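Visitor: Hi, could you walk me through this one?
Guide: Happy to, here it is.
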Amino acid sequence: MRGSAAHRLALSREGDPEGLVRPAALASMAAPGPPLQRVKMEIANRKLQKNTVRNISQQLSKWPVFVLALGLGAASLTRADGPKKPTLESIGDQVMCLCGCVATLNHCPHRDCATVAEMRPIIAKEIAEGKDETTILQDLAIRYGVQVLAVPPAKGFSLTVWILPGVGLLGGLWLVVAVVRRWRKPSPVAAGLPTKSLDPKLLAAVEEEMKELSH
Amino acid sequence: MNELGSLGIVAGLAFAAYAVVAGALGGKLRSLRLTRSAERAALAFFVMLTLAVIALEYLILTNDFHNAYVAEHSNRDLLTFYKVAALWAGQEGSLLFWTWLLSIYSALAILLNRKKNRQLMPYVVAVLMGTGAFFSSLVLFVANPFQELALASAAGTQPFTPPDGNGLNPVLQYHSMVIHPPMLYLGYVGMVVPFAFAMAALITRQLGDNWIRTTRRWTMVPWMLLGLGILLGGNWAYAVLGWGGYWGWDPVENASLLPWLSGTAFLHSVMIQEKRGMLKVWNVVLVITTFFLSIFGTFLTRSGVVSSVHAFAQSSIGPFFAVFLCIIVVFSVTLLFLRLDHLKSENKLDSLVSRESGFLFNNWILLALVFAVLWGTLFPLISKAVENVTVTVGAPFFNKTAIPMGLLLLFLTGAGPLLAWRKTSFQSLKRNFLLPLIVAGVSGAFLLIAGVRHFYAWMTLCLCIFVAVCVLGEFWKGARTRMKTARENFAQALYNLTMRNTRRYGGYIVHLGIVLLFIGFAGLAFKTQAKGSMGQGDLLRAKNYLLRCDGLVSGDTPNYEYTRALITVTKDGHAFTAMHPEKRFYKASQQPTSYVSIHPTLSEDLYVVLSGLDQDTGKAVIEVFVNPLVMWVWIGGLVVFLGTLLALVPSRVEREMAEIRKTQDIAVQVDDLGSGG
């Protein structure tokens with residue numbers, strides 16, 4: 001049976017690891033009987049599959065609630081510490097070293113960097129004064145210019161740097177969903193074409209093999 | 001030698017230009033003679049470029065400082081190992097190296113297709129040599145490494161030979177830096193071959209399975225090498241730059257990541273075309289995008305349009321690249337539009353829950369990631385052009401945008417292979433996903449109990465477990481089935497299963513490698529560091545390590561002077577190891593650099609840097625990083641590499657099919673001969 005048309009058809013329907021035939025899929029195709037009876041069986045199978053799809057969507061509709069609850073629970077646990085006080089390291093990750101190295105203050109590859117030596121005491125002083133992260137970053141931007149910030153502020157034209165990746169992501173999702181919807185075959189039952197979606201050549205080959213098997 | 005090298009480039013350019021014309025005419029006129037002539041010219045291009053590379057290497061190895069490039073990038077006391085690498089240390093040499101690698105790929109593509117893809121080959125040669133002609137023109141006219149040094153005086157210019165060269169940039173004098181650029185370049189350059197096949201298929205309208213089958217392998221090789229190059233670059237940054245990390249979202253790092261991501265998208269979506277005859281236009285778009293991004297990456301690295309820590313070789317070649325990139329886009333997109341009628345999908349999607357949809361979502365995330373990284377990389381330029389404001393887009397932006405997308409991709413790495421082609425039933429979903437979800441959920445709970453409170457790290461580790469169970473489950477199920485049907489023991493079954501379908505199981509191994517990479521990435525969340533000035537006997541604590549300074553020693557080598565800190569480390573009160581971070585001062589280039597001391601283990605790396613000497617006290621300024629799970633990044637990269645190698649090995653089924661096709665071809669030929677006689 002391996003390598004036969006029925007086998008290939010069964011595989012193409014269910015996609016099987018290591019090329020094993022799924023009994024249900026094969027049984028539906030291997031059903032003996034006249035063509036009309038088989039077409040009826042096919043329609044019944046399609047209805048069954050349609051119901052299965054409905055089942056999936058019903059089952060899946062419960063999953064997001066569960067997953068969301070789990071995710072929120074985990075998120076609340078992992079974020080339990082609340083907003084952290086600024087440190088030299090946390091600010092150093094958000095501020096660029098302006099020595100020309102194109103790295104953040106914490107990552108400047110120049111070990112004796114004069115810029116790092118100048119900026120770190122300023123940050124340390126502001127932390128000691130009890131300023132919050134936003135204020136410290138604002139002060140540094142006033143002192144050194146906006147290019148000192150490792151990310152541009154989310155306002156004006158710079159807002160687009162934050163928005164566009166999200167727009168790209170959502171736009172891409174919309175495109176994929178649109179493509180999937182457009183490319184999806186109409187339901188054979190709804191379309192009144194019970195066997196239209198099957199490859200006619202493959203179906204004919206299956207029928208031939210069925211005939212041979214019945215002899 | 002300078003003359004010989006220049007002659008090699010001039011002759012190479014001439015052969016490339018001839019091959020473009022002969023190839024295009026050979027294809028148009030269906031002339032086998034012209035096509036063969038174009039192929040021979042492409043092989044001659046390879047020979048001439050090899051001659052030029054040998055000439056430059058000879059000049060470097062013999063310390064011929066009369067050559068400007070050698071004087072700029074080498075010196076007498078440089079180790080031979082690094083002298084060889086000086087070939088790609090500067091602009092001129094690296095462009096010559098790029099062109100030479102292109103000539104190697106072209107020669108291989110021609111030799112391996114002597115009897116295959118005959119209709120495509122004339123145009124493949126024309127596209128390959130078109131690219132070759134562009135790069136050899138750049139080497140010849142804009143960045144020639146065979147320029148001689150001369151002193152201008154009242155009497156005119158006089159030849160000049162300095163006693164020694166300026167030496168190689170100190171940060172490039174590291175072993176992985178010798179392998180990293182060639183790998184990266186092999187990755188970049190190799191993407192020209194799939195592009196050439198795609199263009200040839202579009203020109204000839206031969207848009208069946210043939211070109212896509214050929215292209216897949218020619219994409220996998222550079223994809224694998226590019227990945228290896230990126231990994232080695234990370235390893236170099238980790239060991240040399242001394243900030244305790246391996247990836248900083250630098251523009252040049254991003255430039256190398258972009259074609260790798262789009263290449264990954266292509267290697268997945270190509271399967272839909274092979275299996276279902278779908279996504280034909282999309283696959284051509286991905287091939288074009290990947291090639292474009294490869295050239296764009298070279299452009300970013302070489303032109304200096306964006307500032308980068310990796311910008312070792314910059315010049316005014318930007319406009320030439322910009323023109324070439326425009327030509328690529330106009331040529332390929334026009335051709336694509338003209339052939340849209342030939343790229344119609346043969347099938348439709350059967351279900352939203354199917355392998356095809358999984359690949360579509362995978363492509364969606366990968367391309368969204370490409371867009372986000374590209375946008376962030378170019379935004380400073382765009383902002384300057386639009387608002388005349390200089391802004392910086394650094395690591396925090398990329399981390400915020402790329403990490404969620406990376407996690408979605410990680411999920412698909414496990415979920416995708418479990419979805420069936422065409423349609424997946426709910427029973428199948430339940431059967432395949434239940435165990436991985438339960439194991440991941442239970443592990444997630446344990447991680448929370450164990451104190452993992454960093455959300456992304458926790459999520460990454462949960463997903464890693466989910467994907468690992470999914471992928472290992474595929475091996476387990478397949479092997480179990482073989483054990484029953486073929487009566488093999490588990491090891492035999494696993495081996496035969498893998499070798500029977502190397503592409504599929506090689507792919508699974510790649511996915512496991514990705515899991516290991518992500519485990520390594522998650523470790524970054526738990527990094528700790530300490531810094532202090534240390535004199536003899538002083539102590540510094542970092543996490544559960546206690547470092548004691550036993551003194552400083554200084555020394556001298558022909559190439560550099562050094563100061564080394566002698567540090568003894570105890571862990572939890574027990575003797576652990578001795579570490580010797582160095583500060584080096586390279587004589588030829590007069591530049592200082594740090595030599596980091598790393599003690600790697602599977603659980604964490606102890607990373608010690610001698611930052612400098614305290615001006616007032618003379619004590620060593622020591623920085624210590626405890627970096628958890630970094631080793632898994634290197635192991636994961638290696639697993640990805642090995643998995644890709646396995647996927648490249650023809651499987652037993654493929655070999656059997658090839659034998660059958662060969663037998664059928666012979667039978668047809670015999671029939672033809674019989675009917676002809």
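Guide: What follows is a short chat about chain B. This is a predicted model, where local features need pLDDT of at least 70, side-chain atom pairs count only at pLDDT 80 or more, and totals for chains, interfaces and linings use all residues. Residues are numbered from 1 along each chain as its sequence is written, while chains are lettered from A and ligands numbered from 1 in the order in which they are written.

Visitor: What domains does chain B have?
Guide: The assignment gives domain 1 (1-168), domain 2 (209-227 + 237-424), domain 3 (428-500) and domain 4 (526-631); such bounds come from an automatic or database domain assignment.

Visitor: How many residues make the contact between domain 1 and domain 4 of chain B?
Guide: Domain 1 of chain B gives seven residues and domain 4 of chain B gives five residues, with contact meaning C-beta atoms, placed from the backbone, within 7 Å. The centres of these two domains, over C-alpha atoms, are 43 Å apart.

Visitor: Changing topic, what are the spans of chain B?
Guide: Its C-alpha trace spans about 95 × 80 × 55 Å along the principal axes.

Visitor: And B:Gln158, buried or exposed?
Guide: B:Gln158 is exposed, because it has 10 other C-beta atoms within 10 Å (12 or fewer is exposed, 20 or more is buried, in between is partly exposed; C-beta atoms are placed from the backbone).

Visitor: Which residues does B:Gln158 contact, beyond neighbours within four places in sequence?
Guide: Those are B:Ala150, B:Leu151 and B:Ser153. B:Asn144, 14 residues away in sequence, is 20 Å from B:Gln158, C-alpha to C-alpha.

Key: Contact = placed C-beta atoms within 7 Å.
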